[in-house]
Amino acid sequence: MASAWRFFNALGGRGHRAWYGQFDHIRGGEEESGDRRDLAGFHAEVMRFFDHHVRGVPLADAPVDRDPPIRVQTSDGSWRTERSWPPADVQPLRTTLTPGGRYEDTGLNRGTGEASLLPVGTDGLGAWTISPPLPHDAHYAGVPHASLQLAAARPGASLSVDVYDIAPDRRALLLSREASLVPADGRVELDLYGQDWKLPAGHRVGVRVGSADAEWWTPVGTQQTVTLVRGTVDLPFLRHRRTEAAALKRPKRLDTWLEDAPITVPQETIDAATAPGFTLPAAQTALPVPAGAPPANVPVGGPTARLTARISATARRRGSRVRRITVLGNAPRGARVTVALRRAGRVVATRRVSARVGAYRVTFRVRRAGRYAARVGARRGTLALTARTRAVRVR
């Protein structure tokens with residue numbers, strides 16, 4: 001999520017929408033390498049948003065007021081709705097990092113297993129503080145913060161603070177990170193990248209302070225030893241369980257991250273760095289419905305039993321007898337939509353399309369002037385809906 005949440009939250013006011021997913025620089029309607037599945041419902045919600053806020057379509061036909069402010073994807077690929085992100089029930093838990101740890105500022109550290117061009121043996125280097133195994137499932141969601149006092153012979157050393165999910169097999173998956181240069185006074189305050197991730201019971205949380213991750217940044221190592229004099233990290237965990245799990249697109253990037261990103265932490269490092277006093281979250285409780293509950297669920301493709309239809313005519317070009325008439329609207333996702341164009345009460349053309357993203361659009365070319373309207377039918381299983389447009393005049 002990087003800093004997208006900062007930008008969204010700074011907008012203030014009402015009527016904004018956000019989708020936060022487990023992917024890099026890929027929006028809902030874009031293709032990801034090897035992944036050509038559109039994010040189901042994203043297009044429909046976007047078009048409702050623009051229909052209402054740009055074209056002035058009334059809420060009856062573009063019900064954006066029923067869309068949740070935020071949709072969030074977590075580590076299992078499922079999506080849920082939230083009123084805000086970071087969520088309102090986030091509990092920041094402060095842990096004191098083990099003092100006295102050292103790292104060499106070589107500029108060669110690997111923060112993830114995706115850094116294939118760096119030398120072998122440079123992954124996960126630094127001063128670790130690791131929790132005991134989690135006694136129950138936890139949900140890491142929000143923005144971590146690190147407060148550090150470091151010591152080095154001269155300023156300008158590179159620094160990275162990384163948070164990991166360490167599985168029982170010692171495979172550590174990066175959750176959050178941020179980098180900085182160490183100033184002359186050695187004091188560093190960092191907000192790490194926000195994340196939304198489920199941690200199973202038996203996993204550990206690891207915090208690493210070391211030279212900047214070279215697969216992400218391009219540090220120039222100062223070749224000096226940096227010591228962690230003292231430090232704390234505030235890690236965000238949800239107090240309440242989230243049970244909503246909308247089955248939307250699972251991006252290819254999530255699967256490649258789970259496969260390629262983990263590094264292996266040596267058992268001796270885990271043994272030496274485990275901090276019995278590491279602050280762990282309590283068991284989650286049920287989400288209170290009145291406070292903090294997401295808005296009433298609306299299918300992502302729009303209301304499942306709703307069909308809308310609008311019509312518009314495009315002026316012909318000079319010297320051309322061809323006019324274009326467009327019929328569009330929302331329909332149940334996956335429905336087969338039939339649009340019959342009528343002039344003077346008679347059907348003059350028919351088009352059939354699928355509402356794959358909860359919306360449809362068809363264009364007719366006509367040569368005759370007159371008043372045109374459309375009758376639209378949608379079918380999905382036993383569900384059958386009809387709608388009519390107003391008439392438009394083509395001259």
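Biologist: Which residues lie nearest the centre of the second largest pocket?
Modeller: This is a predicted model, in which local features need pLDDT of at least 70 and side-chain atom pairs count only at pLDDT 80 or more, while totals for chains, interfaces and linings use all residues. Numbering runs from 1 along each chain as its sequence is written, and side-chain values use heavy atoms, without hydrogens and water. The pocket (an open set of points on a 1 Å grid over the protein atoms alone, where a 1.4 Å probe fits, with protein on both sides within 12 Å along at least five of seven lines) has as lining the residues with an atom within 4 Å of a point. Of its 22 lining residues, those nearest the centre are Arg14, Gly15, His16, Arg17 and Pro69.

Biologist: How many charged residues are in the lining of the second largest pocket?
Modeller: Charged here covers Asp, Glu, Lys and Arg. Sorted by class, the lining of the second largest pocket holds 8 nonpolar and 8 polar residues, and its charged residues number 6.

Biologist: What share of the residues of the chain count as buried?
Modeller: Buried means under 20% relative accessible area, with a 1.4 Å probe and protein chains only. The chain has 395 residues, and the part of them that counts as buried is 48%.

Biologist: What percentage of the contacts with a separation of 6 or more comes from residues 24 or more positions apart?
Modeller: Among contacts in the chain with a separation of 6 or more, some join residues 24 or more positions apart. Their share is 76%.

Methods
Buried < 20%, exposed > 50% of the residue type's maximum accessible area, 1.4 Å probe, protein only. Contact = heavy atoms within 4.5 Å.
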